[in-house]
Amino acid sequence: MRIAPEGWPFIALAWLIEVALMTLAPPVAWLIWLIVAVWVVAFFRDPVRNGPRGDDLIIAPADGKVVSIIPMDEPTVVGGAAVRISIFMNVFNVHVNRYATSGTVTFRRYVEGQFNNADLEKAALQNEHSDIGVTSPRGPLLMRQIAGSVARRIVTDHGEGTAVVQGERLGLIRFGSRVDVFVPAGTQVLVKEGDVTQAGMTVLAQWQ
């Protein structure tokens, strides 16, 4: 199983604690912690994803559940009327994020903020988040990695000017959070609220 590099310090710590508990603590303690140690490994898994690809497709950047699809204005990257598709990740989802489209990173911004529950509407602007704007052959879109009540660290891999490929790693959020995708109004959205997505696999929308 492939593991995200950011996970190894946490995995090492979890298993060092497990070894210590097996040496010093009663069986019930290390058996309970064993579940935690296994979960830490699973949390940082980074599976290979070879889903649908194409300039006309917008692919899910995150594993999770679609919690809202809302029309709104997005002036920074989209430059006007947009549709926001929000994907909530729980602590059991893969947390490696992937690019929804190929293109060039034309906007990067990291905003410090609060750590509200990421599935709340106010989290979109009040929570700590990282914005990544990509200009694709079909148009611009914005992806927003949002920290949640448990997530305390957002990793975004690339800076402005980087050429990126659809489905490749964008970054990672730990340990429970949300990713929003802003697409221009008129884009054909192919998912609905309640749908479960897989990063690099699920087609969210299609350019018109």
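S136 is buried, at a relative accessible area of 8% (buried means under 20% relative accessible area, exposed over 50%, partly exposed in between, with a 1.4 Å probe and protein chains only). This is a predicted model, in which local features need pLDDT of at least 70 and side-chain atom pairs count only at pLDDT 80 or more, while totals for chains, interfaces and linings use all residues. Residues are numbered from 1 along each chain as its sequence is written, and side-chain values use heavy atoms, leaving out hydrogens and water.

**Surroundings of S136**
- S136 belongs to strand β6 (residues 129-136); strands (E, at least two residues) and helices (H or I, at least four) are DSSP runs numbered from the N terminus.
- A polar atom of the S136 side chain lies 2.7 Å from the backbone oxygen of G139.
- Leaving aside residues up to four places away in sequence, S136 touches T101, S102, G103 and W207 (contact means heavy atoms within 4.5 Å).

**Helix α2**
- The buried residues of α2 are A37, V40, V41 and F43.
- They cover an arc of only 155° around the axis, which puts them on the same side of α2 (the arc is that of the directions from the helix axis to the C-beta atoms).
- P27, V28, I32 and I35 are exposed on the other side of α2.
- The buried residues of α2 pack against α1 (8-24) and β10 (169-174).

**Open sheet**
- Three strands form an open sheet in the order β1-β14-β12, with antiparallel pairing (two strands pair if DSSP finds at least two bridges between them).
- Its edge strands, β1 (57-59) and β12 (188-189), each pair on one side only.
- β1 is joined to β14 (residues 203-206) by three bridges, and L57 stands opposite Q206 in β14.

Methods
Polar contact = N/O pair within 3.5 Å; in protein donor to acceptor, adjacent residues only side chain to side chain.
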